Amino acid sequence: RHFQLQKHTPTQPYQPLHVIHLATSSNDTPVRPSNPSILSSNTSFNMNDNAMYIASVVGTYWLVSISMVYLNKILMSNEGISVPAPLFVTWYQCVITCLICYLCGLCGQRAQRADAAKYTPVSVSENGESVASNNPPKPSFFAQFPKAEYLVGPARQVFPLSLVFVGMITFNNLCLKYVEVSFYNVARSLTIVFNVFLSRVFLGIPTSFKTVLCLGVVILGFLMGTHGELNFSLIGTIAGILSSLFVSLNSIFTKKVLPVVDDNHWKLTFYNNVNASILFIPLIIIFEGDILSQAMEQLTSTEFWCAMTVAGFFGFSIGIVTVLQIKATSPLSHNISGTAKAAVQSLMAFYIWGNEPTVMGVLGIFTTLGGSLLYTFVKMSENAQSAPGPQRQPVEQKEHEMSKV
């Protein structure tokens with residue numbers, strides 16, 4: 001970047017206050033700041049500002065994720081508010097997600113046009129010539145959202161993934177309906193096990209001995225938590241295991257289907273939820289038609305629809321805050337944050353929902369979470385060792401967000 005130097009006399013030498021390094025025209029000797037304290041104060045201010053941003057992003061992730069689980073539990077099992085129709089509740093949340101994607105797409109089109117029409121700043125060089133800035137304006141938040149359009153061709157190709165997606169969110173909500181919130185993370189802790197197994201079967205990814213040990217810790221924690229659960233639900237536990245299976249299948253199918261939508265996750269989210277909204281309709285009519293006809297009191301309640309809408313909004317928002325947390329920290333820090341959040345979520349459930357804790361149940365919670373954290377460290381260490389170049393960042397095997405909340 002070029003700066004226009006003001007004319008000065010020898011009796012009043014030019015002393016830049018905020019320029020860290022500026023080469024003179026005669027040699028390459030840098031001109032040091034006249035007040036070094038300015039540099040240290042600005043650096044300290046930037047560090048504090050960055051720390052506040054990271055803390056706010058992590059706090060938002062925790063708030064949205066925990067609130068979504070608790071609110072869905074209320075919608076699934078609270079006698080005063082809920083309707084015993086998990087398929088209907090899940091269908092409505094998919095509809096809300098489709099609506100939000102459509103509105104964000106409209107805002108994204110306007111933001112992209114506005115960004116394109118922005119005035120490009122021009123700097124002035126030392127000889128008085130205008131020089132275009134190399135730093136383009138920062139795009140709007142909504143510029144990341146593409147236009148939400150439903151085309152038959154891509155929708156047909158996304159359809160197999162949508163079937164897996166329906167199974168994933170259906171069994172997830174069925175698990176939450178029948179198990180205690182404190183046991184919810186344990187019931188769905190086998191996602192990592194299925195990830196490793198299916199990756200080896202379908203993708204041919206080898207499994208190291210350290211990874212097998214981590215999986216053994218997770219399975220041990222699952223058995224301990226199951227044994228220590230006082231209000232054990234076989235239906236809820238089976239639903240949790242099936243939810244973990246479909247989460248793993250969803251991650252594999254997503255990798256294959258993403259090129260169909262130009263590798264855009266928001267396009268895939270829109271197609272997935274539109275397809276799911278269509279697929280849920282016959283299932284609701286067959287399995288929950290009589291239940292809904294007998295729940296007119298809840299269906300005419302403003303409180304019920306407000307809770308349903310907020311839960312749908314949180315379901316969409318969790319994807320945004322997850323991306324923000326990964327960008328603000330790192331994939332490893334995101335997994336550590338998710339593990340700590342799951343522990344706090346389970347411990348809070350003992351107090352909020354009145355779940356009676358047992359020694360074996362609490363040990364099961366921390367054993368499964370500890371095994372998941374060890375697996376994260378092992379995978380990142382293995383990826384770092386197998387990276388071909390020193391500048392390549394290790395990429396861990398990512399699970400779907402539904403396996404963390």
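The model is predicted: local features need pLDDT of at least 70, side-chain atom pairs count only at pLDDT 80 or more, and totals for chains, interfaces and linings use all residues. Residues are numbered from 1 along each chain as its sequence is written, and side-chain values use heavy atoms, with hydrogens and water left out.

**Aromatic pairs**
- Tyr150 and Tyr271 make a tilted pair, 5.6 Å centre to centre with 35° between the planes.
- Tyr150 lies in the loop between β2 (130-132) and α3 (152-178) and Tyr271 in helix α8 (residues 265-293), so their pair ties together parts 121 residues apart in sequence. Helices (H or I, at least four residues) and strands (E, at least two) are DSSP runs, numbered from the N terminus.
- Tyr271 is buried at 5% relative accessibility, while Tyr150 is partly exposed at 36%. Buried means under 20% relative accessible area, exposed over 50%, partly exposed in between (1.4 Å probe, protein chains only).
- Phe313 and Phe314 also form a tilted pair, at 6.3 Å and 45°.
- Phe88, Trp91, Tyr92, Phe304 and Trp305 form one aromatic cluster.

**Ser317**
- Ser317 belongs to helix α10 (residues 302-328).
- Ser317 counts as buried, at 10% relative accessibility.
- The Ser317 side chain reaches the backbone oxygen of Phe313 at 2.8 Å.
- Phe313 is partly exposed, at 45% relative accessibility.

How values were computed
A polar contact is a pair of N or O atoms within 3.5 Å; within protein, one must be able to donate a hydrogen and the other to accept it, and residues adjacent in sequence count only if both atoms are side-chain atoms. Rings of Phe, Tyr and Trp (its six-membered ring) pair if their centres lie within 6.5 Å; planes under 30 degrees apart count as stacked, over 60 as edge-to-face and the rest as tilted.
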